[in-house]
Amino acid sequence: MSSLLKRISSFIYTPKEEVSVEEVSVEEDQIPPQDVTVPDCNNCVSECDEHQTYPSYLQLDTDSPLLGSMSPYGRHFMISTAQCDWAERIEEDEGTLAAELHALIKADPMPWRTFITNTSHIPNHSTTVHCSMDIIILPDNIVVGNVTADDAQTIYEIFVKRPLPEEPVNIQKEFESVDLKEMGVYPNPYDSMILICSHRKRDKRCGITAPILNREFDHVLRELDIHDGEGGTAVLMVSHIGGHKFAGNIICYINKGQTGIWYGRVKTCHCHSIVEETIIKGKVIKDLYRGCMTHSFNYNKCNKLKW
């Protein structure tokens, strides 16, 4: 693993415009290509009346390097719970799908990290089985419907153990002969997704900042005439993703779920730039960048940015 690490110089701009250099170690896969990177975020220079600010009592880290502050992962399972807050540790919430999946993966992990979260997404394909949920799976870019906690072993065998996709998944070809019981597999209807950590029971900083960001992203999307249905952009609340001190924390999924970009220290004044630069143009905002889903930039392996 050490051979995959690259010493990166992270440039942090202080309020006095002095430059300090702090070295961080990250896997080379986490460094985006230069041609998809935006060095600066066109946010408000100072406090303004247009954007809502966070409460002053929140203790937020404004100094530590963001790059390397998340754990890279190969696949993301997003469980549609239709809720915005959950038990403090979803992996210990006995009897839930999240807890059952966590236990199976802990006992027999994949070569890559498997990331599991709950989300506020309302199930669309879980109508025939009592208390069932949808799971959105990326980078496969599929939705599995009619899933209950009792199906955790089946989900593990069929979807967790699948090799990471190198091309778009052909649902009919790959799952027509698989025994899915009552479950069904469907294409992810969203072109892009914005996930906002709202896990208040885990840390109030994300619980407080998330609703504020949600309102602003909703405003920006409506302003830019980007709809939230099929073919549009979904804005969802998500359980703990790590880095409470960097709240607001978000994940942007673009390129049909193939690219997952993590941002920290996101404020309402950043929302327009995130939608315009990342969601629409596919660019990475360097000032806010924490890391990415593994292989997010495989389509462009050259011209890595010197951080």
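Predicted model: local features only at pLDDT ≥ 70, side-chain atom pairs only at ≥ 80, totals over all residues.
Q: What are the helix and strand counts of the protein chain, and how much of the chain counts as buried?
A: The protein chain has 5 helices and 14 strands. Of its 307 residues, 52% count as buried. Residues 24 or more positions apart account for 72% of the contacts with a separation of 6 or more.

Q: Why is F115 called buried?
A: Buried means under 20% relative accessible area. F115 has a relative accessible area of 4%, so the term applies.

Q: Why is W262 given the term buried?
A: The relative accessible area of W262 is 1%, which is under 20%, and W262 is therefore buried.

Q: Is Q59 buried or exposed, and what makes it so?
A: Exposed means over 50% relative accessible area. Q59 has 67%, so Q59 is exposed. This residue lies in the loop between β3 and β4. The C-alpha atoms of Q59 and H244 are separated by 9.7 Å, although the two residues are 185 residues apart along the chain.

Q: Why is the pair of Y73 and F115 called tilted?
A: Rings pair if their centres lie within 6.5 Å, and the planes count as stacked under 30 degrees and as edge-to-face over 60, with the rest tilted. The ring centres of Y73 and F115 are 5.1 Å apart and their planes stand at 50 degrees, so the two rings form a pair and that pair is tilted. Y73 is in the loop between β3 (37–38) and β4 (75–80), and F115 is in strand β5 (residues 114–119), so the pair links parts of the chain 42 residues apart. Both Y73 and F115 are buried.

Q: What makes F115 and W262 an aromatic pair, and which kind of pair is it?
A: The centre-to-centre value is 5.7 Å, within the limit of 6.5 Å, so the rings pair. Y73, F115 and W262 form one aromatic cluster.

Q: How do you know that β4 is largely enclosed by the rest of the structure?
A: 6 of the 6 residues of β4 are buried, so the strand is largely enclosed. Both faces are covered: R75, F77 and I79 are buried on one side, and H76, M78 and S80 are buried on the other.

Q: Why are β4 and β5 said to pair, and in which sense?
A: Two strands pair if at least two bridges are found between them. β4 and β5 have 6 bridges and are therefore paired, in the parallel sense. S80 stands opposite T119 in β5. Together with helix α1 (residues 97–107), the strands β4 and β5 make a right-handed β-α-β unit.

Q: What makes β4 and β6 a pair?
A: Strand β6 (residues 133–138) meets β4 over 4 bridges, and at least two are needed, so the strands pair; the sense is antiparallel. F77 stands opposite I137 in β6.

Q: What makes helix α5 mostly covered?
A: Of the 10 residues of helix α5 (residues 271–280), 7 are buried. Among them are C271, I274 and E277. G282 follows α5 and has a positive phi, near 75 degrees.

Q: Why is the largest nonpolar core said to lie between domain 1 and domain 2?
A: The largest nonpolar core has 62 residues, and those with the most contacts inside it include I155, F159 and F217. Helix α4 (residues 204–223) gives the most to this core, with 7 residues. Domain 1 (34–65 + 190–290) and domain 2 (75–187) both give residues to this core, so it lies between them. A second, separate core of 21 residues includes M70, F115, Y190 and M193.

How values were computed
Residues numbered from 1 in each chain as written. Heavy atoms only, no water. Core = buried A, V, L, I, M, F, W, Y, C linked by side-chain atoms within 4.5 Å. Buried < 20%, exposed > 50% of the residue type's maximum accessible area, 1.4 Å probe, protein only. Domains from an automatic or database assignment. Phe/Tyr/Trp six-rings, centres within 6.5 Å; stacked < 30°, edge-to-face > 60°. Contact = heavy atoms within 4.5 Å. Right-handed = clockwise from strand over helix to strand, strands pointing away.
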